[in-house]
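Hi everyone, thanks for coming.

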Amino acid sequence: MAATTDAGVFDESGLLAKAREGDSAAFSELVNQYSRKIYRLAKHITQNDSEAEDVLQETFLKAFEHLGDFQGQSKFYTWIVRIAVNESLMKLRKRKSDRTVPLDEPLDTGEDTVVREIAVWDENPEQQYSREEIGQILDEAVQSLKPAFRTVFVLRDIEELSTEETARALEISIPAVKSRLLRARLQLREKLTRFFKRKGDDVFAYL
Amino acid sequence: MTSLLTCKEFMQELSDYLDATVDAELRRKLEVHISECPNCFVILDTTKKTIEVYKGVQPQPIPPEVYSRLMKAVEKKLAATHKPG
């Protein structure tokens, strides 16, 4: 297969060049490489399995269609993330019964940074929870965030895009990314503390 | 002499501090604050752990039927755009 070079490294630019010439195996290899992450991203934003599947398909079909427009100035992954984010946000906007906060609504009310729970965490939460349980706790915490916070957190801290890449993908300003990220992180910290705090402990252990 | 930060001011800079995007002077002020404020120290520490715990999560495999439909859609698209001859 054309997936790797002799050294076993994933040869993305080689695959892209072949895919541009219509090599279907090369394009399929790119799909294979990134589909898990794109599906996770779509599920996080849409919170809906069937919409996430639509987004997954649309993302790669559009990527193939517009492969000629991809200049290679950004990473291929960043480029397809932007397509996936656009497709996911379109799904959110299409929902007529959607009562969630619109993505462009000002959110800087300050209330979201209120901290209620201050407790140190258990050093080894794995002893208390199974891997599956931890995965579920993390997923549910993200799902409970408002879409505007959730999308920024997912792009910055799960998909590990830079602040600038996140701003471009969501078409919002850099200060908006930073402000939403702070709030998302604090809200998640609060939610996770309920599960991961050291039992019978509080902040005064530090005094 | 530099003025001390309040907890509220500390919280506003927390994210940038963790991303290491604050300048040296602000960084020093934030570090002075956490050395004196146990509550903010714990908030900083648990926020850092929150970020770390998500960064380590690998994406789950796509359900086989979803993956198979994806590959079928991709193959169909590729076949449709393939120039005959």
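So, where in chain A is the place of R40(A)? Please keep in mind that this is a predicted model. R40(A) belongs to helix α2 of chain A, which covers residues 24-46.

Now, is R40(A) buried or exposed? R40(A) counts as buried, because its relative accessibility is 12% and the cut-off for buried is under 20%. Who are its partners? Setting aside neighbours within four places in sequence, R40(A) is in contact with I158(A) and E159(A) in chain A, and with V57(B), Q58(B) and P59(B) in chain B.

Let's move on to the aromatics. Over all chains, the count comes to ten aromatic pairs. One of them joins F70(A) and F76(A), edge-to-face, with 5.7 Å centre to centre and 75° between the planes. Both F70(A) and F76(A) are buried.

Another edge-to-face pair is W121(A) with F196(A), at 5.3 Å centre to centre and 70° between the planes. This pair links distant parts of the chain, 75 residues apart: W121(A) is in the loop between α4 and α5, while F196(A) is in helix α8. W121(A) and F196(A) are both buried too.

Back to F70(A) and F76(A): ring pairs link them with Y34(A), Y77(A) and W79(A) into a cluster. And over the ring of Y77(A) sits the charged end of K37(A), 4.7 Å from the ring centre.

That's my tour, happy to chat!

Definitions and conventions. Residues are numbered from 1 along each chain as its sequence is written. Chains are lettered from A and ligands numbered from 1 in the order in which they are written. This is a predicted model: local features need pLDDT of at least 70, side-chain atom pairs count only at pLDDT 80 or more; totals for chains, interfaces and linings use all residues. Side-chain values use heavy atoms; hydrogens and water are left out. Helices (H or I, at least four residues) and strands (E, at least two) are DSSP runs, numbered from the N terminus. Buried means under 20% relative accessible area, exposed over 50%, partly exposed in between (1.4 Å probe, protein chains only). Contact means heavy atoms within 4.5 Å. Rings of Phe, Tyr and Trp (its six-membered ring) pair if their centres lie within 6.5 Å; planes under 30 degrees apart count as stacked, over 60 as edge-to-face and the rest as tilted. A charge sits over a ring if NZ of Lys or CZ of Arg is within 6 Å of the ring centre and within 35 degrees of the ring normal.
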